[in-house]
Amino acid sequence: MTAPFLSLKDAIVRYDRLTAVDGVSLELRRGETLGLVGESGCGKSTIARAIVGLQPLTAGTISIEGETLQDVSSQRRVNLQRRIQLLFQDPAASLSPRLRVQSLLAEPLKIRRAFVPENWARIMAVAESIGLGEQLLPRYPHQLSGGQARRVALVRALAAEPSIIVADEPTAGLDISVQGELLNLLRALRDRLGLSYLLISHNLNVVGRVTDRVAVMYLGQIVESGPTATLFREPAHPYTQALLSVNLTLDANRRRERIVLSGELPSPSNPPAGCRFHKRCPLAQPKCASEAPTLQAGAGGRSVACHFPLAAKPAVMPQPIAG
Ligand code: SF4
Ligand code: MG
């Protein structure tokens, strides 16, 4: 078995008194798309930033192709981390408003001193294959549509020849039809270029469409993970079930009873004792308030952190309306 391309082990990120990421472990294999889901503020974006080196870990390790970043020289670390590119939630964050598309696409090559005709031709071929024609080259970011700006950001990320793209809410703010196009594009590029993705989103419809595996986060911790198909069909953690019941519009057969979570997402600076979800969990028992459940591996590549995980049960069919 080859080492996972990327692995995060027992990662902790603390800002002041707030623990944004609290003991997260993840693995990403070559060619795989892993979804990271959860409500905003659960620590997903912090994980993305840590993986690409924008946020130091307080504890824990990140390894790329079996090499632990903390153990290698800083030059080696830069080279390893270049293989992972972050697609920001807001393309404006990565596209300088003063540069034309031409310069934006050339810049990553220039930084690597690799701006030679064959590399530029390769980038332009990728750009054209995803619908960015040469006529866009003289434009500035504000002259692009939302979909075009995301594509420019994507081609820029690909110019670094990454093995992994970390995409943080890649479809946020786009029209549904443009969202679909972008997801199809990401999938096609993954297959063509042999990329792996870490796709971060609160949108389970998006995650369900493109990922192989999913990890669900709640207040800085992973509460459930597993293959997307089985996890969506039979969530074992009450939080996953609640997220799915309010989000999924995929198809009626998968629809379950809607579970409305009571209460607000607690502050990560003061997480509840015991199971962090217990104040909102419809299935909480007394034990849940005092003992924190740990992530336990089960059958079929599934893991769950819950004292009373849901057993597999048939999906609830929508009832016909009487009368
Ligand atoms: Fe709910 Fe208890 Fe499971 Fe936490 S451990 S998710 S409170 S049932
Ligand atoms: Mg975020």
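Residues are numbered from 1 along each chain as the sequence is written, and chains are lettered from A and ligands numbered from 1 in the order in which they are written. Because the model is predicted, local features need pLDDT of at least 70 and side-chain atom pairs count only at pLDDT 80 or more, whereas totals for chains, interfaces and linings use all residues.

The protein chain holds ten helices and twelve strands, these being DSSP runs numbered from the N terminus (helices, H or I, at least four residues; strands, E, at least two). Its radius of gyration, 21 Å, is close to the 20 Å that the globule rule gives for 323 residues, so the chain is as compact as a globular protein of that length; the radius is taken over C-alpha atoms, and the rule is 2.2 Å times the number of residues to the power 0.38. Along the principal axes, the C-alpha atoms fill a box of roughly 65 × 60 × 40 Å.

Around ligand 1 there are 13 residues, of which Cys 275, His 278, Cys 281, Cys 288 and Cys 306 come nearest, a residue being near if its C-beta atom, placed from the backbone, lies within 6 Å. This shell has ten nonpolar, three polar and no charged residues, where Ala, Val, Leu, Ile, Met, Phe, Trp, Tyr, Cys and Pro count as nonpolar, Asp, Glu, Lys and Arg as charged, and the others, Gly among them, as polar.

Helix 4 passes helix 5 in a right-handed crossing, a crossing being right-handed if the near helix is turned clockwise from the far one by less than a right angle, and left-handed if anticlockwise.
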